[in-house]
Each structure stands twice: as structure tokens, then as C-alpha cells.
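Subject: Structure handover

Hello,

Here is the structure I promised to send over. My notes follow it.

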Amino acid sequence: MTVILEALRYLGYVLVFPGFLFCFLAGMLLCGIDRKLVAKMQKRVGPPILQPFYDFFKLCGKETIVPAAAERISFMLAPLLGLAALVVIQLFIPVFSFTAFYGMADIIVILYLLLIPAISIIMGGAASGSPYAGVGLSREMVTIISCELPLVLVLLAVAKTVGSAMGTGLCFSLSDIAEYQEINGSLITRISMLPAAAAMLLVIPGETGSHPFDTAEAETEICEGLLAEYSGAALGVFKLSHAVKMLTLSSLFAALFLGGLGTGILVLDALLLFLLCAGITAVSISLVHAVTARLKIEQIFKFYWTVVSLPALLSLVLAWYGL
Amino acid sequence: MNLLGNVLSYQHFPIYAIMVLFMGSFLIAAFGENRRVRNILALLSITASLIFSLLLINPVILRGEIIGYWMGARSIAGGYAIGIALEVDALSLFFALLAACAIFVSGVYSIQYMSRDDNEKEYYTLYLLLCGGVMGMVLSGDLFNMFIMVEILTFAAVALTAFRNTARGAVEAAFKYLVVGCMGSTFILVGTAMLYAQTHTLNLAQLAQLVPGNMNTATKAAFALLFVGFGTKAFIVPFHPLAADAHGAAPASVSVIISGVLTKSGIYGIIRITYFLFQSMGLGTMQFLLVFIGSVSMFVCVTMALAQHDFKRLLAFHSISQIGYVLTAVGLCTALGLSAGLYHAINHTLFKGLLFLAAGAVLHETGTTDLNKLGGLARKMPHTTVLFLIGALSISGVPPFNGFASKWLIYQATYQKAVESGNIGFLLVTVIALITSVLTLASFVKVSHSVFFGQLPPELEKVKEVSWGMRFAMGIFALLCIVTGLFPNLVTTYLTEPAAAAAFSVQRYIEAMGFDGSAAVEILAGSFRYAGVWEPVSWLLVLCIALLAVTIAALAGRYDNVSLCRTAAGDSKYQLFYGGEEQSFSQLGGDDMFWGFKHNWRGYFSFMHRLHSGIVNDYALWAVADLALVMLFSLIVL
């Protein structure tokens, strides 16, 4: 009996919170808030906050066309795999003191799990056979390479800071990082972590592929690149994945730097997490979106490996010397 | 009955495992005219070798024995060992198992893969000679026999590189390999001779007893010679250009052996001399040497691979890049590091074998490995595509495949080493390892797009899936990739940790052959705990549940239309969008895929382009320069 209850509890985690339902609602809302904010910053009226939901359901009602030249199975499976992989990552990220799946993955694993949605969109695009997808694929991969270095440095800096405080030397476990922040307060209050947090804020738009780092999708040049041949429900799932990715990365930021703010009551914590994510999105995605123009791909690479990596490296060096 | 029991005692299995391969080779040379006889002989000998190595798991790994085996009677004259010896500890057996497994799968693949070539008899003769050489080298207990086996395997590998000598560049590649490979063998021979002059023995156990107490200029020089000599066999920097040429020309089944097994025998040689013979791994400088060469290999070769547009040359550079991971982890000289390095060695054999076989399948069906001429094969060769993707995701370190499991350990090992030693340099190694991994992914995205996805060129319309025998061989590797990725605890408990423990118990290694090991410098391996957690099976379970949920939701929604809706021929809405361009002009070649990345590093890439001139004189010069540097280094620090 207890086994069944346990199984149901975990199923609930996967399907409701922090799994699908939460990801769907929170991700789409974040996306809506982002669009509204950008519009406000640019003195436009902007779409209603619920617009992403309307878009999604409208897309699901449209005909889905698979090009004759495409490799059908990969083409149709890619969006589903990407979404599932993202939701699974969300299960490992602690909501303050609560972690749905405890002791299964650490930050290095999450770094690599984040590649799976990117790989699935790349595979889907490649399977369509479109030349625009080819260009988009190349740019998407370079964007991933660009973001990887600062992200790695940020994660190592956090691991070192928490590890030396806990006396184990280094610590990759997210729940240990959350626990450390419960006791010692948020990591962002440490001066050595400030540059890393700033770098991470700049990594988020790159990883989600939002403006000005959206060369891989650049509608006006390469017709949405990897998504050029997608339509209907499949496109809708990709749009949903994009929204969920915003949620995943901003809650990863919250887990790394803003831990220890929780109240211990799960519903309140979930709400608080969503508000924090909205704040992070507003700063790192909407603000950056509103004030910049799209970069070229080689500029993105240069930007991430210099401007963003340097503060992350600074943090790592500071953490290394115990500051 | 007693005689039979004696013959079947496991003490003899090491020599049987070597002997069956050589016997197979000689028998095929003598009686291999008939195709059926030849195939049966080859299969028999590789299967027998695999079985003998598997049977050794019980005594050597599970019971922890060290088999010291003397050919004929053991004779010690004046306290010095004379005679040919085999010595099998968990480390030797670990490499022997890797070799036997790769030899078996590649042999099965060869039967259909090589069926269109002439001179199949010569192929199997050389193939088994190569395999026997590798097997003999890792099981040998005697430095001179290691050299003999290295010679055998080098010459067999050179001949096999040029096997398809009508193909462009095959003879040239073999010539380069011959020149530099012979230099490497000569270094090993000279190093062996110098050690013999100093210690009057060639037995590895006795050398391990005597060398550390007799450190002088000659033994230090011998270290450099042996190190560089085995380095050429592992193709680590600066010998990586040879690997690219050799793999580009050799048949895929031989590439599996060269990349999966031959390079491992070089790593084995390096472990034997650094951990056992000279017992110098406790020195920070010696760790620096290995880690430095390893990190340079992994980074330089992955960037070289990004610039390639030939499927097999690209794989060759990745091969060395992954060997760099192994060498780096081995050089850390911690229990976690060595175990992680050996784990990666297993995984490298499996996924690189799989990828080479997939490249061979593509070559077999299309006749080319040029990324610019291929594309869209996923619809023609669906099984090969899936198998290739498993290999590609494994090498790129994507969970839950095996490459991730071992790289995860390597990141931890390097970072832990950095924290323990307080040396920030090891932190840089962690970062390089992480970045190399994503660059590896980039280059396999390129391959999968330009070979298996993307547009199908009209001349490849008639391509078919490869025969079942080749798919079966690839399937074995793919299955092992998944198993070793999903159950990392089994691999570390039963394979890599015993082997790593063997490397840290030099005294037992010496005493197993009856010498006095009390003076051996024991390096304390130390205990370790993982800094993070990774549960692949539970993760996969959760992912499957999530994927199932998404799929059900999608099917319940409008997704099922897709499977019902068949594409109507000629309906323009099912055509790809070309923006008004002709289709033939819109093909995206694999050549310059990651322009945005390469543009920023154009200085580095053009420097590398100038450096890798393809002239064998240059590469020979690099070998000499490398030797000079390592010798200088070892004279100063040892």
C-alpha cells in the first residue's frame, strides 16, 4: 500500500508540481510577462499576459505538416523529447528546502541535461532537411559553445564556495547547496559570488535563445532557422519548451544564488519561486531584450567568452582563495 | 585426467589467449584460401581469445590473484630473472578484456565488411597478428617481450593501414605511420637496453624492484625513451597527425583496433612504467607531465576535429582527444582519477568502435566518407543512424550514455585533485575537460547533420541499409555503451577499481614473481567520496514517464493527425521552403559549419593549419623534439 502511495506521490511530482502542470502554467506566464514587459519598455501596448496560452492552443488546432523530404520519426519525436527532458530537469532543481527527486543528479549532470533539449531541437531541425535549419543548427551549436564556458565557471565557483564552507572541499549536489543557503543565507549576499550571479544573468538569455542572442532563430534572416519547417502542434510544443526553458534557467539561478528565502510551506514557496523567476526574467531576458539589437553569431561567441566569462572567472578565483 | 586438469588450469589461460590469435593468423596464412575455412578459423580464434580472457576474471579480479607465469621453467641466475614471463594482474587483465572484446566485435564485422575486398586471406592474417600483438603486450611480464609485441603490432598496423592501397593516400599514410611508429619502437628498444645495462634484468617485476633504487642519468634517460615510445603508440600529442592519416586510410574494422585497442596499449605501457617501473607518480612533476600532455591532447585534437570534413579523419582526432581524457585522469594519481581514467578507456573503446563501424557502414554503402558529399542517409539507413547516434551521444558525454558516466568522474577527480593539492592548475584542467566535451558535441552535431540528416544528394538515392552481420556487430557495441552508462557502479566495482587498486599495489606485483618487494615505493591511493550524485537508471525511469506523459498528451491532442496524414506526392505544401532558390544551390556543406566559432579563433586555426604540414619529416622532427624535451624534463625532476 505504501509503495503505491509513494509511486503516486512521485507521479504527482512528475505530472503536477514541480512537473508538467507547474512548468506549463509558470513557463507560459513567464513568457507572457516577458512579452508584456518588453512592450512596455518599448512604449507599446503589447499582448495580454495570457497570449502564450492562446498561441499554444491555436497552434495545436492547426494542421501539422511533415515535409516530404524529412525523416518523419526524428522530426516528430524531437519536440516531445525536448519537452520531457526539460521537465525532468525541473524536478531536480530544489524549490528552497523542497526537492522532488532527492539525490539523483547534481549540477554537473544538470549542465549536461540542459544539452538534451538543445540537441533535440537540433535533431528535429536537421531531420527536416531544410537549408534554413542547417544554418540555424550551426548558429544554435555555436551559441551553446559560447554559453558553456561562463556557465561552467559559475557552477565551479558555486561548488567551491559551498564545498569549502561545508568542509568537503567541493560540492556539486544541489540539495546540499540549498541546505547551505538555508543555514548561511543566500549566496548572492557573498561578495565573491556577485560577479558569478551577474554572469549567470547574462547566460540565461543565451541559453534560452532570446533577443539579442537569437541568431539561431532570427525570423527576419533565416525564417526561424531550426523551426522553419515546423507547424501546428509540433511547433506549439517547441514554443512551450522555450517557455519552460526560461522557467528552468531562472529557477536554477534562484536555486544557486537566492536559496534560503523559503518559508517551509510548499505552496507559498512555489509562489515565491515563481515571483523570483519573474523578477529574474524581467532583468535578464526582458530588459536585455528591450535595449539591444540582435548580435551576429561571431559577436555572441566573443561576448560570452570575454565579457561574461571574466566576471565568472573572477568569482571562481575569489572563491578559490576563500573570499 | 591429471594432465587434462593441468592443461585446463587457469594459470595457462593468459598464454592461451595470446596463442590462439597467433595460431589463427598462421593457420589462415597456410590454409586460408577457402573463404569458409578462413572465416571459421578467424572466428574461432577471436572467440577463444575472448573466452580465455573472460575466464580469467574470476581468479584475477574477483579473487584478486596475480598470475605469474613462466614459459618453461623459471630460472634465476645470480639473482636475476632469465626466461620469458607473463604476469597478469587486474590492470593487465583489464586491458586484455578491452582488447578481446573489441577484437571480437570488429572480427565479426569484418566478415561482411571485407567481403568485397581482394586478399581477404592477407587481411585476416595481419588482423590476427595485430590482435595477438596487443594481447601479448598487455599480458607480458617482461619489458623486452613488450617491445617484441609492440613491433609486431606496429608492423601489422602499418600493413593494414595500406591494405586498401588503391585508395588515395593509403600508402602515404602507411609510410608516415611506419616512419614515426618505427622511431617509437626504437625508443622503446633503446630504453629497454639502457635499463638492462643498469639492472641486468628485463623482468618487469624485478625491474620494479631494482630501478627506483638505482636512479641515475641512464635510467632517467631510459624513462624518457620509454615514455615517448609508448606515447607514439597511444598517438598522444605530438603524434596525433599520424592517427588521422592512418584512420582515414585503414578499413573501419582496423580503425576500431587501432583506436580502441592499440592506443590503449600505449596508455597501458605508460601506466606500467610510471606507476610500476619508476614508481614516480607520487612526484607532482610527473603528475604534471601526464596531465599536461593529456589536457593538450584533448583540447588540440578536439579543435583539429572541428576543422575536418572527412568522417574518419574527424573520428581519428576525437579518438586522441578522448585518449587525452584517459591520460589526464591517469596522471592525477588518485584512486578516483585512475578509476575514472580506466572507465573512460573502456567507454572510449566501445563508443569509438561503434562510430568507426558506423563510418565503415557509410563507406561500404556510399563509397565515400566526405561530409560534403553525404547527407540525408537517415531515411536510407535507419538502423545505422540510430546506432551512430548512440555512439555520438556517448562520446559527447550526454546522459545517460557511458561517456557521461566516466567524464562525470573525471571532472570530479580533477576538481578534487585541485582542492586537495591546492593547485589552481588542476582547476583549469577541469574547465578544459568540460569545454572539450561540448566541442565534441558540436563536431558530432556536424557529422549527424551532414551524413545522416540534412538533404539527400540525388546520387545517393539508391543507397541501402548494410547487411545484418555489420548491424549486429554495431549493436553489440551500442548495447555495451548503454549498459556501461546505466550501471556505472557495476563497472567501477568489478572492473576499474580492482585495476586501479592493482596499480597502487606495486609490492604485490613484485612479490607475485618471487622477488623482494619490500622496498617498493607505495603511493597511498587514499579514499574518496563523490562530490555529487548521478543515478542514471532512476533518471531514465523519470524521463520515460515524462516522455510517456508528453506522448499521450500529444496523441490525445492533434498530434495523431500526423501519423494518419500521408504526404500527397506533388502537393507543393509538403515541399521544403527554399526561399525561391534552386534546391541544388542550397546544400549546406559540412565543411565550415561552425563559422561563428572558428572565425573568432582564426589565428589559432591558421596556426594549426600551418603546423600540420602533412610532411613526414616534420612529424619525425616533432618526435625527436618531444623526446628531447621529455628527456630534459626527466633528467631534472626524476
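First, a definition: a residue is buried if 20 or more other C-beta atoms lie within 10 Å of its own, exposed if 12 or fewer, and partly exposed in between, with C-beta atoms placed from the backbone. This is a predicted model, in which local features need pLDDT of at least 70 and side-chain atom pairs count only at pLDDT 80 or more, while totals for chains, interfaces and linings use all residues. Residues are numbered from 1 along each chain as its sequence is written, and chains are lettered from A and ligands numbered from 1 in the order in which they are written.

Some background: most residues other than glycine have a negative phi, and most peptide bonds are trans. Now the exceptions.

K43(A) has a positive phi, near 60°. K43(A) sits in the loop between helix 2 (20-41) and helix 3 (51-60) of chain A. Helices here are DSSP runs of H or I, at least four residues, and strands are runs of E, at least two, numbered from the N terminus. K43(A) counts as exposed because it has 7 C-beta neighbours inside 10 Å.

H200(B) also has a positive phi near 60°. Its place is the loop between helix 8 (170-199) and helix 9 (204-210) of chain B. With 15 C-beta neighbours inside 10 Å, H200(B) counts as partly exposed.

Chain B holds two cis peptide bonds to look at. One joins V237(B) and P238(B), with omega about 10°. P238(B) is in the loop between helix 10 (217-234) and helix 11 (240-249) of chain B. Another joins P399(B) and P400(B), with omega about 0°. P400(B) is in the loop between helix 16 (382-395) and helix 17 (402-421) of chain B.

Chain A

Chain A has 13 helices and 0 strands. Of its 323 residues, 63% are buried. The radius of gyration of chain A, taken over C-alpha atoms, is 20 Å. A compact globule of 323 residues would have a value near 20 Å, so the two agree. The globule rule is 2.2 Å times the number of residues to the power 0.38. Along the principal axes, the C-alpha atoms of chain A fill a box of roughly 60 × 55 × 40 Å.

Two residues are in contact if their C-beta atoms, placed from the backbone, lie within 7 Å. Among contacts in chain A between residues at least 6 apart in sequence, 80% join residues at least 24 apart.

Helix 9 (residues 194-208) of chain A has 15 residues and reaches 22 Å from its first C-alpha to its last. That is close to the 21 Å expected at 1.5 Å a residue, where the expected span is 1.5 Å times one less than the number of residues. Helix 9 of chain A is mostly covered, with 12 of its 15 residues buried. Among them are M200(A), L202(A), V203(A) and E207(A). The buried residues pack against helix 7, helix 11, helix 12 (266-291) and helix 13 of chain A. Just after helix 9 of chain A comes G209(A), with a positive phi of about 70°.

Contact between the chains

Chain A gives 72 residues to the contact and chain B gives 65. Helix 7 of chain A gives the most to the side of chain A that touches chain B, with 16 residues. That side divides into 51 nonpolar, 13 polar and 8 charged residues. Ala, Val, Leu, Ile, Met, Phe, Trp, Tyr, Cys and Pro count as nonpolar, Asp, Glu, Lys and Arg as charged, and the others, Gly among them, as polar.

Chain B

Helix 15 (residues 335-366) of chain B has 32 residues and reaches 46 Å from its first C-alpha to its last, close to the 46 Å expected. In helix 15 of chain B, 31 of the 32 residues are buried, so it is largely enclosed by the rest of the structure. G367(B) follows helix 15 of chain B and has a positive phi, near 80°.

C333(B) lies in the loop between helix 14 (311-331) and helix 15 of chain B. C333(B) counts as buried, with 25 C-beta neighbours inside 10 Å. The C-alpha atoms of C333(B) and A500(B) are separated by 9.7 Å, though the residues are 167 apart along the chain.

Best wishes
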